[in-house]
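Student: I have a model open and want to learn how to read it. Where should I start?

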Amino acid sequence: MRGLTTFSGRDLPALGVPEAPAGSLSVVVVDWNAGGLVTRCLSALARQTVRPGTVLVVDNASASETWRYVGAATLPVEMIRLADNSGFATGTNRGIGLVPD
C-alpha cells in the first residue's frame, strides 16, 4: 500500500497459528486518542486462531502518539494518519478504500 507507514512487528515464532490466505481477512482499526486501546486491540488480533492478512490502523488526527503503540505490535500493521478528525465512518471508509482487494 502506497503512502502508508509499515510496521513489521516483532519477529516472534508463529506458535502454530495459521496465517490467513492472502487477501482473505483484513482488519481496519479507527483510532482517535486511544493509543492504549489500540495496543489491546492489536494484541487480541495477534492471538486469533487465524491471523489477518492485512491490519490497517487509521488515526483520525489524534493528539496522542498512536504510532508508538502501533510500532510495538506483534503482527504486521500498516498505519495512515489523517490530517483532520473526519469521524469514525469516514475513517473506516478511508481505511477500507486502502485495503487490497
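**Reading the model, from confidence to loops**

Tutor: Start with a loop residue: Asn-33 sits in the loop between strand 2 (26-31) and helix 1 (35-46). We will return to that loop. Keep in mind that this is a predicted model.

Student: Then confidence comes before geometry. What is the average pLDDT of the protein?

Tutor: The general idea: where pLDDT is low, the predicted coordinates should not be read in detail. Here the average is 77, and 76% of the residues score at least 70. Residues 5-15 stay under 50. The model has 21 contacts beyond four places in sequence for that stretch.

Student: Next, the fold. How many helices and strands does the protein have?

Tutor: There are 3 helices and 4 strands. Along the sequence they run β-β-α-β-α-β-α. Of the contacts with a separation of 6 or more, 73% join residues 24 or more positions apart.

Student: How much of the protein is buried?

Tutor: Buried residues make up 36% of the 101 residues. The protein exposes about 6,100 Å², and carbon and sulfur atoms supply 56% of that area.

Student: Which residues have the most contacts inside the largest nonpolar core?

Tutor: The general idea: in soluble globular proteins, nonpolar side chains tend to be buried together. The largest nonpolar core here has 13 residues. Those with the most contacts inside it are Leu-42, Leu-45, Val-55, Val-57, Val-70, Leu-75 and Val-77. Strand 2, helix 1, strand 3 and strand 4 (77-81) each give two or more residues to this core. Helix 1 gives the most, with 4 residues.

Student: Take Leu-45. What is Leu-45 in contact with, leaving aside neighbours within four places in sequence?

Tutor: Leu-45 is in contact with Val-27, Arg-51, Pro-52, Val-55 and Leu-75. Apart from this core lies another, of 5 residues, among them Leu-56, Val-58, Leu-82 and Val-99.

Student: How should I read its backbone? What is the phi of Asn-33?

Tutor: The general idea: most residues other than glycine have a negative phi. Phi of Asn-33 is near 55 degrees, a positive value. Ala-61 also has a positive phi, of about 55 degrees, and is not a glycine. Ala-61 is placed in the loop between strand 3 and helix 2. At 22% relative accessibility, Ala-61 counts as partly exposed.

Student: Now Asn-60. Is Asn-60 buried or exposed, and why?

Tutor: Asn-60 counts as buried because its relative accessibility is 2%, and the cut-off for buried is under 20%. Asn-60 is found in the loop between strand 3 (54-59) and helix 2 (66-71).

Student: Which side chain makes a polar contact with the side chain of Asn-60?

Tutor: That of Asn-85, at 3.5 Å. Beyond four places in sequence, Asn-60 touches residues including Val-30, Asp-31, Trp-32, Leu-82, Asp-84 and Phe-88. Asn-85, Ser-86, Gly-87 and Gly-91 are also touched by Asn-60.

Note on methods:
Residues numbered from 1 in each chain as written. Predicted model: local features only at pLDDT ≥ 70, side-chain atom pairs only at ≥ 80, totals over all residues. Heavy atoms only, no water. Buried < 20%, exposed > 50% of the residue type's maximum accessible area, 1.4 Å probe, protein only. Polar contact = N/O pair within 3.5 Å; in protein donor to acceptor, adjacent residues only side chain to side chain. Contact = heavy atoms within 4.5 Å. Areas by Shrake-Rupley, 256 points an atom, 1.4 Å probe, with all protein chains shown as cover. pLDDT = per-residue confidence, 0-100. Core = buried A, V, L, I, M, F, W, Y, C linked by side-chain atoms within 4.5 Å.
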